Structures are given as structure tokens and as C-alpha cells.
Amino acid sequence: MTTAILDKSAQSPRHNREVRPILAVTPESWPPLHEYLSAPAPAPRVLELEGDLDELEIENLKAVLDDYGAEPLLVLDLSRVTYLSSLAVSAIVTAMRRARTRGHELTVQVKRDTIPERVLFITAIPYRAI
């Protein structure tokens with residue numbers, strides 16, 4: 001089976017001009033499968049927080065998120081958090097943006113039917129409910 005990518009700049013057959021393939025790929029020319037497979041992804045580092053993430057704790061939260069910012073896969077577990085202030089939400093969003101620009105992934109995890117889940121839902125921050 002051969003797949004061809006057509007040159008879009010060539011005129012269509014309706015105009016009596018031939019459309020020529022510029023690249024043809026055959027199964028024989030595909031790289032071996034082991035070149036696509038890599039080592040298993042590293043396990044994510046889980047950062048568990050608890051208590052109130054209010055204005056008094058915001059500097060600690062920022063420092064912790066900065067310390068773990070170099071982790072390629074980080075799970076921020078808020079399942080034992082009882083209160084989530086707007087400043088904490090801002091710090092989480094900033095950490096998520098920073099991780100994305102570095103090519104890393106920051107996932108937020110919360111318990112279902114809790115105040116942190118409602119806050120994340122209302123602010124449209126992606127999260128995983130457990």
C-alpha cells in the first residue's frame with residue numbers, strides 16, 4: 001500500500017494538467033517499530049497538600065510549586081485541602097502555564113464534592129476528581 005501526499009500547488013486534472021505526488025511512503029520505507037517505542041514514561045511525582053490554602057499559606061504554596069517546577073510530570077493532590085483561595089487558584093494557574101511552556105505536565109487532583117472541586121470547576125481549571 002502506498003500513500004501519496006499531493007502537491008497542492010499543481011492544477012487539478014480538470015485543467016488537463018497532471019497532479020504529481022511529491023512524497024510517496026511505502027511500508028518498506030517506514031522506520032522499524034522499536035524506533036517509535038521508548039522507555040516507559042517516568043512515574044509522576046505527587047505533591048500532596050492539606051488544610052486551608054488561604055492568604056496566609058500562599059507564599060508557601062508558591063515556593064513549593066517553584067521547587068517542584070522542574071518535574072516533567074507533577075500531580076498536585078488537593079484531596080485533603082479544605083479551602084482554596086483565589087490567590088491559591090492564581091498560583092496553580094501560573095504553575096500550570098509555566099509547566100506547559102517547559103513541555104511539562106501539571107495535573108490537579110481533588111476529591112469529589114468538595115470546596116476545592118467547586119472552585120476549580122467554576123474557574124474552569126482542568127482537574128481530575130477522585
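**View A. The β-α-β unit of β3, α1 and β4.** In this predicted model, strand β3, helix α1 (residues 58-67) and strand β4 together make a β-α-β unit that is right-handed.

**View C. Bridges on the two sides of β4.** Strands β3 and β4 run parallel and are joined by 8 bridges. Among the residue pairs that can be followed here, E48 stands opposite D77 in β4, while D52 has Y83 of β4 as its bridge partner. The pairing of β4 with β5 is likewise in the parallel sense and extends over 5 bridges; one of the pairs to look for is V75 with its bridge partner T107 in β5.

**View D. The buried and exposed faces of helix α1.** The buried residues of α1 are I58, L61 and L65. Viewed down the axis of α1, these buried residues fall within an arc of 60°, and they therefore line one face of the helix. On the face of α1 that is turned away from this buried side lie the exposed residues E59 and D67. The elements that cover the buried residues of α1 include β3, β4 and α2, so that the cover involves both strands of the β-α-β unit shown in View A.

View E. V81 lies in strand β4 (residues 73-84). Is the side of the chain at V81 buried or exposed? With a relative accessible area of 4%, V81 counts as buried, because this value is under the 20% limit. Leaving aside residues up to four places away in sequence, V81 touches L49, E50, G51, L53 and P116. The separation between V81 and E48 is 33 residues in sequence, whereas the distance in space from C-alpha to C-alpha is 9.0 Å.

Definitions and conventions. Residues are numbered from 1 along each chain as its sequence is written. This is a predicted model: local features need pLDDT of at least 70, side-chain atom pairs count only at pLDDT 80 or more; totals for chains, interfaces and linings use all residues. Side-chain values use heavy atoms; hydrogens and water are left out. Helices (H or I, at least four residues) and strands (E, at least two) are DSSP runs, numbered from the N terminus. Buried means under 20% relative accessible area, exposed over 50%, partly exposed in between (1.4 Å probe, protein chains only). Contact means heavy atoms within 4.5 Å. Two strands pair if DSSP finds at least two bridges between them. A crossover is right-handed if, with the strands pointing away from the viewer, the path from the first strand over the helix to the second runs clockwise. The arc is that of the directions from the helix axis to the C-beta atoms.
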